[in-house]
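Dear colleague,

I am passing on the structure below, and after it you will find my notes on what turned up when I went through it. Please read them with the structure open beside you.

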Amino acid sequence: SVQSAVRRSNYASSTRNFSSSASNPERKVTVLGAAGGIGQPLSMLMKLNPLVSTLSLYDLAGTPGVAADCSHINTRAQVSGYMEDKDLAKALEGSDVVIIPAGVPRKPGMTRDDLFNINAGIVKNLCQHVAKHCPNALVNMISNPVNSTVPIASEVFKEAGTYDPKRLFGVTTLDVVRAKTFYATKTGLSVEEVNVPVVGGHAGITILPLFSQAFPQANLGEDDIVALTKRTQDGGTEVVEAKAGKGSATLSMAYAGAIFADACLKGLNGVPDVVECSFVESNVTELPFFASKVRLGVNGVEEIHGLGSMSDYEKEGLAKLIPELKSSIQKGIDFAHKN
Ligand code: NAI
């Protein structure tokens, strides 16, 4: 047909644009919540990623439009949109990576935990489908509160008999993105070259940037470190307040989500030394889940890095965050069992 000829020629020209895609294996990426504030720009960024061969978009509403729109971009990925519950099987089958930004975002005055009642149920339901239709996929959990939704997902997968801790990730990349930006701005270093590990969890004081390990090191005073730490921890709230009721971070989150999904794909494809911070099952601390630097590989998590040497201020921050993170994790586990 004319349409498939057009598709073939688009494909040919896109493989010319991305010369690397010829040697890249087929990879299916699915976005659950694809028509939302994060879902739309994230879907676009995944359509631009030459490592993606199939892009599957699912949402309760609006996906046909987002999918049609994205599908006109002349890149490798073939796009399909799904909207009905009964289509979730097709949306998920064969997925290598499933990204979950489904759920409600914060409004001014809300904490991430205030989202728990709505998002916990959404995440539980979607993860049951993931367990059924693509149990081997790497799951990138964006829906908040990440500190609880990741434990919920783990319990759902355990219940289904599909849990592999190497394949479940809470996406904390936005905390790293913010720490890098704020650190570079403060120090005058080039933002492209800086790196800052962020450990702990993904809410308020559980977000612990380790500026003592920032690269390159700059001579910042204690006051500057305290201010940078607070700004990183409150970065989400800064956006929520600026948007004044119209949601939370979407564009920077889509960017961060695309970086993390790309790292997962690179790991799956055997690219060496792919390291990102992520909230994963971990024995780096006494807590069952913790965010730290993770090396990604063909099976997902290949190696979890320890915390490294920390300043006294960071050690204090770690001690303070443990009880809060512990109770958020427990809240997720309890929800999964009770509901
Ligand atoms: P949004 O409300 O704009 O979009 C959410 C989308 O999810 C909507 O299109 C909605 O139809 C869809 N949805 C709801 N229930 C669904 C279901 N059962 N199946 C499929 N789709 C469903 O919200 P936004 O701004 O995109 O935020 C999404 C989530 O991401 C929120 O929970 C937010 O708190 C979280 N978030 C996480 C960040 C992180 O760093 N991990 C940063 C920013 C936001």
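**Notes on the structure**

Pro145 sits in the loop that runs between β5 (138-141) and α6 (146-160), helices being DSSP runs of H or I with at least four residues and strands runs of E with at least two, both numbered from the N terminus. The peptide bond leading from Asn144 into Pro145 is cis, its omega being near -5 degrees.

The model is a predicted one, in which local features need pLDDT of at least 70 and side-chain atom pairs count only at pLDDT 80 or more, while totals for chains, interfaces and linings use all residues. Residue numbers start from 1 along each chain as its sequence is written.

Asn144 also belongs with the ligand, since it is listed with Gly33, Gly36, Gly37 and Ile38 as the closest of the 34 residues that surround the ligand; a residue counts as near if its C-beta atom, placed from the backbone, lies within 6 Å. Helix α5 (residues 116-133) supplies the largest share of this shell, four residues. By class the shell has 19 nonpolar, 13 polar and two charged residues, where Ala, Val, Leu, Ile, Met, Phe, Trp, Tyr, Cys and Pro are taken as nonpolar, Asp, Glu, Lys and Arg as charged, and the others, Gly among them, as polar.

Two further backbone features lie in loops. Ala244, in the loop between α9 (235-243) and α10, has a positive phi, near 45 degrees, although it is not a glycine. Most residues other than glycine have a negative phi, and most peptide bonds are trans.

Helix α7 (residues 173-187) packs against helix α10 (residues 251-268) at an angle of about 110 degrees, with the axes 8 Å apart; axes are lines fitted to C-alpha atoms over the stretch in contact, and angles run from 0 to 180 degrees between N-to-C directions. α7 and α10 are therefore roughly perpendicular to each other, the term covering angles of 65 to 115 degrees. Their contact involves Thr173, Leu174 and Val177 of α7, and residues of α10 including Met253, Tyr255 and Phe260, contact meaning C-beta atoms, placed from the backbone, within 7 Å.

With kind regards

Definitions and conventions:
Parallel < 35°, antiparallel > 145°, perpendicular 65-115°, else oblique. Contact = placed C-beta atoms within 7 Å.
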